[in-house]
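Please open the structure in a viewer and keep the sequence at hand.

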Amino acid sequence: MDHEPGEADALGRARVLLVEDDAELVGMLATLLTEEGYAVDTAPDGQRALHLALTRSYDVLVIDRGLPAIEGLDLLGRLRSRAVATPVLVLSALANPADRVAGLDAGAEDYLGKPFDVDELLARLRALRRRHLEAADSLPVSGGRLDPRTRLVHRDGEPPVRLSERECALLEVLARNPKRMFSRRDLLTLAFPEAESENVVETYVHYLRRKLGRRVVATVHGRGYQLGAS
Ligand code: CA
């Protein structure tokens, strides 16, 4: 990969892959997106798009449905099955409710019918990118996600739980390395550099479990702690 998703290119531009076989529309959109500050790659068919999306890193993909070689939703399914999580906007003349449902079910984040309004397309791309960047900043924890900036844990169907600074510091260390076992000494160093006693680790494990349930932190007997399984 050239770079991490969301990192933008050397000039700070977001990278978009435009998958469209209508050359005139590609030309118009590439100009528009470049003017808007995107670094644009284009693919005229599904095969080329699959190759590019698997070998390079994009911030957003814009995919037409009726494409040569591999049609748009098939392309999308193949990307999702290979763990490409880049947000996708489907741009298609097939735009009745059933078409939109098919696109969203195939893994698209958004769906815009042709003909479309260019300002609406640009606004939707900005929104997609914003949501993706926010999600990229949050960390999976048992049953939900931790957003370290707001110190909130979000879980489906429940109000968010706010953590104290120390609770958040501890959970963030565990959640950034979900497979790693940490000794109390490791956690003291990484989460509470100003504290002296390893007891502080146990105290905050206790607080986290009280707020989020016992399973949020797993005890590795005689050794330390790791993030609980979700
Ligand atoms: Ca087409």
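**First stop: helix H2**

Select helix H2, residues 46-55, where Gly46, Ala49, Leu50, Leu52 and Ala53 are buried. Buried means under 20% relative accessible area, exposed over 50%, and partly exposed in between, with a 1.4 Å probe and protein chains only. Helices (H or I, at least four residues) and strands (E, at least two) are DSSP runs numbered from the N terminus. This is a predicted model, in which local features need pLDDT of at least 70 and side-chain atom pairs count only at pLDDT 80 or more, while totals for chains, interfaces and linings use all residues. Residues are numbered from 1 along each chain as its sequence is written, and side-chain values use heavy atoms, with hydrogens and water left out.

At the start of H2, show Asp45, which has a side-chain oxygen within 3.0 Å of the backbone nitrogen of Gln47.

**Second stop: the calcium ion**

Which protein atoms are the donors of the calcium ion? They belong to Asp21 (OD), Asp64 (OD) and Gly66 (O), and lie 2.2 to 2.4 Å from the ion. Donors are N, O and S atoms within 2.8 Å of the metal (3.2 Å for Na, K and Ca); water is not among the atoms, so sites may look incomplete. Along the chain, the donors follow the spacing D-x42-D-x1-G. Asp21 is in the loop between strand S1 (15-19) and helix H1 (23-35), and Gly66 is in the loop between strand S3 (60-63) and helix H3 (72-81), so the pair ties together parts that are 45 residues apart in sequence. Asp21 is partly exposed, at a relative accessible area of 37%, and Gly66 is also partly exposed, at 48%.

Next, select Thr86 in the loop between H3 and strand S4 (88-92). Is Thr86 buried or exposed? Thr86 is buried, with a relative accessible area of 11%. Beyond its neighbours within four places in sequence, Thr86 is in contact (heavy atoms within 4.5 Å) with Tyr58, Asp59, Val60, Leu61, Arg80 and Glu109.

A nonpolar core is a set of buried Ala, Val, Leu, Ile, Met, Phe, Trp, Tyr and Cys residues joined through side-chain atoms within 4.5 Å. The largest has 28 residues, of which Leu163, Leu170, Leu171 and Phe192 touch the most other members. Two or more residues of this core come from each of strand S6 (139-141), helix H6 (165-176), helix H7 (184-191), helix H8 (199-212) and strand S11 (224-227). Select Leu171: leaving out residues up to four places away in sequence, Leu171 touches Val141, Leu146, Val153, Leu163, Leu208, Leu212, Val216 and Leu227. A second, separate core holds 21 residues, including Leu61, Ile63, Leu75 and Leu79.

**Last stop: the whole chain**

Finally, colour domain 1 (14-135) and domain 2 (139-227) separately; such bounds come from an automatic or database domain assignment. Their centres, taken over C-alpha atoms, are separated by 37 Å. The chain as a whole has eight helices and 11 strands, and 44% of its 230 residues count as buried.

Methods:
Polar contact = N/O pair within 3.5 Å; in protein donor to acceptor, adjacent residues only side chain to side chain.
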